[in-house]
Amino acid sequence: MKPLVLAAHGLVLHFHCPVDAPVTFTVDPAGTPAIKAKDAPKWLKSARLVELQATGFNLADHHGNKYTATSPADLLRHVSHRKTKGPDGGVRFEVVQAGGGLRVVSYFQFVPGQPAFRTWADITNAGDESLLLEYVGSLAITGLSREGPGRWIDKMRVHLPDNDWCAECQWRSGRPGDFGLHQFYAAGHPGHGVSRIAVSNQGTWSTAGALPLGVIENTESDHAHFWQIEHNGSWHWEISDIDGELYLRASGPTWRESLWSKRLAPGGRFTSVPVVYGIVDGGLEQALRALTGVRRAGRRRHADTEKLPVIFNDYMNCLNADPSEEKLLPLIAKAAEAGCEYFVIDAGWYAEAGRSWWDTVGEWQPVISRFPRGLGAVIDEIRARGMVPGLWLEIEVMGIHCSLAKALPDDWFFQRDGKRVIDHGRYQLDFRNPAVRTHADSVIDRLVADFRIGYLKMDYNINAGPGTDRAADSPGDGLLGHNRAYLAWVGDVFDRHPDLVIENCGSGGLRMDYAMLRVHPLQSVSDQSDYRLNALIAASAASAVAPEQAAIWSYPKPDGDEEETIFNLVNVLLLRVHQSGCILDLSARRFARVQEGLACYKRIRRHLRTGLPFWPLGLPRMGDGWIAFGLDCGPRSYLAVWRLDGSAKTCTIPLPAWKVKAADVACIYPEGKPVDFRWERRRGQLTLTLSRRFTARLFEFSVH
């Protein structure tokens with residue numbers, strides 16, 4: 001049977017629809033020779049469009065923990081297909097299969113302007129008996145190398161982003177064997193192993209350990225495959241081999257990895273989490289640039305990502321969750337003098353002075369012991385200084401010592417085995433419960449009405465584990481329902497308060513996913529409190545988040561010097577500014593550098609919101625002597641360069657894209673402080689000397 005072919009956005013999708021087997025599926029860049037039926041490789045029969053497993057069905061190959069030969073996916077047969085337009089007007093393709101009592105619709109929604117599509121599946125129980133789903137793949141791609149058996153061992157490169165607390169967005173790269181995926185081929189028998197490169201997340205922190213994305217690069221064909229799972233809870237992806245070829249599987253929660261199962265009664269329906277997949281010419285950097293475009297195209301529109309206001313937050317290396325009117329009033333005045341446009345009062349504003357702010361959260365009422373004239377007096381001072389006021393919230397939790405939590409029924413909270421889940425002194429609210437959403441609405445609406453709040457830092461500092469088994473088929477099922485209910489609730493808040501800015505924060509970047517960031521306009525990237533280590537995170541943040549959504553701390557130290565202040569500002573000037581630190585204690589010279597840096601940001605920020613990231617020295621790694629991160633903004637580019645510890649004083653930075661341009665190069669921050677650099681346009685390289693460790697500069701490249 002001749003395959004169905006869909007060509008769009010530089011990609012070609014082939015759907016092979018035999019009458020006696022499931023639909024198989026391959027994706028290639030435009031121009032790749034099609035697989036001919038007479039030359040079809042053995043692995044094509046294993047390249048199934050859908051992988052899903054239900055309890056009681058046979059897993060029919062030598063798979064280990066891999067998601068291959070799942071069932072009843074093996075019973076599906078092609079029913080129909082159609083090409084339509086999605087909600088954004090872009091190309092959408094739908095493939096319907098049925099079998100084993102199921103009806104499965106696979107969706108492919110192409111992303112405007114990008115060589116990528118967003119894919120998910122709807123599963124309906126069309127039979128007479130209930131089914132317990134254990135795995136539903138959102139993406140199944142086979143044929144990543146498209147060569148003979150075993151050739152992927154040397155030519156493929158895998159790029160994975162680790163994401164730890166205070167060590168976010170740190171990438172590793174290597175051959176498949178470097179990650180434990182080996183293959184020993186017997187003559188005439190390509191076979192496959194049971195090992196896999198597998199990355200999973202379990203729990204309510206969606207990015208605690210790894211970001212839900214990756215890149216695999218073919219160094220011979222110069223193509224890179226990239227993917228991004230868009231989910232705010234548990235997820236899983238794996239790369240392994242089948243019949244001599246590499247495959248990728250990506251999904252939301254699973255039974256093996258995250259205690260998820262879902263019972264479908266006759267007529268019941270389940271929708272998998274969305275996954276973005278694409279192919280670009282080039283390698284890791286080109287893939288991350290394409291992902292930046294995907295992220296911009298998919299998110300909710302908000303004025304914040306257009307204006308990029310400068311935000312002061314009183315927490316980091318400043319008030320540290322101990323605010324009061326006495327402490328805040330001079331800080332507000334100084335933040336306004338520095339040039340900040342928003343002022344956010346962070347954690348502790350609701351806790352009695354001298355008591356824990358951690359395990360008493362939940363009522364969200366200001367206290368007289370901190371604000372003798374009322375919180376409103378401080379809010380009025382913020383507005384009088386020309387800034388928009390903001391508050392810290394952690395709306396999804398209640399502390400175990402919160403009096404309200406003690407009075408509420410148990411069905412407001414995550415439970416397992418009939419008992420409330422407790423993590424780090426907090427209970428987890430269950431947003432599937434309408435009463436919980438009503439309570440959360442009342443908190444937001446009250447703060448907006450009473451204090452005219454324009455900004456909420458929505459933090460989240462616990463991991464409630466695999467989920468809740470109350471009113472759920474499994475803990476993972478309860479968690480997935482909560483995840484989706486929470487996203488819908490946030491969308492409703494924005495519908496009521498469209499000008500409100502809500503920052504997504506999860507102890508920094510531990511919930512830095514594009515389910516949350518399709519709704520929230522900005523993300524707190526890290527809690528890292530050392531400005532020198534913060535540079536490694538700032539320079540790689542755009543690999544995880546669109547630059548105009550990636551908020552990074554700048555926090556000059558009271559005992560620092562001018563270069564330390566400059567370094568702090570360079571950390572933030574190509575991203576989003578979260579100014580903090582002991583600005584009241586800075587010398588006049590150092591404070592002037594803060595003012596200068598924020599003024600520089602305001603001059604260039606209109607360009608940053610469309611800039612595409614590049615890393616001329618590669619993505620940063622711990623131990624690097626020099627790091628560099630830039631944004632290509634069309635007729636101009638900006639490049640931040642840091643000299644770190646134990647490195648040579650001079651660094652040559654390759655910038656081949658600017659070879660063909662007649663470029664003016666200037667150090668735009670700091671100004672009036674000579675720096676030794678040389679731009680060689682014919683060679684396309686910038687040579688820079690910084691005589692001190694832990695110093696940094698920001699450059700602008702512009703067309704004559």
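How many bridges join strand 23 to strand 29, and do these strands run parallel or antiparallel?

Reply: The model is predicted, so local features need pLDDT of at least 70 and side-chain atom pairs count only at pLDDT 80 or more, while totals for chains, interfaces and linings use all residues. Residues are numbered from 1 along each chain as its sequence is written, and side-chain values use heavy atoms, with hydrogens and water left out.

Strand 23 and strand 29 (residues 455-458) are joined by 4 bridges and run parallel. Helices (H or I, at least four residues) and strands (E, at least two) are DSSP runs, numbered from the N terminus. Two strands are said to pair if DSSP finds at least two bridges between them. In general, strands of a sheet pair through backbone hydrogen bonds, either parallel or antiparallel. Leu 393 has Met 458, in strand 29, as its bridge partner.

Strand 23 is also joined to strand 22 (residues 342-345), again by 4 bridges, and these two strands run parallel. Here Val 388 of strand 23 is the bridge partner of Tyr 342.

Buried means under 20% relative accessible area, exposed means over 50%, and partly exposed lies in between (1.4 Å probe, protein chains only).

Within helix 7, the residues Leu 375, Ala 377, Val 378, Ile 379 and Ile 382 are buried. An α-helix has 3.6 residues a turn, so residues three or four places apart point the same way. The buried residues of helix 7 pack against strand 22 and strand 23, and also against helix 6 (325-338) and helix 9 (434-451). Contact here means heavy atoms within 4.5 Å. After helix 7 comes Gly 386, whose phi is positive, near 85°.

To return to the strand itself: strand 23 is joined to strand 22 by 4 bridges and to strand 29 by 4 bridges, and helix 7 packs against strand 23 through its buried residues.
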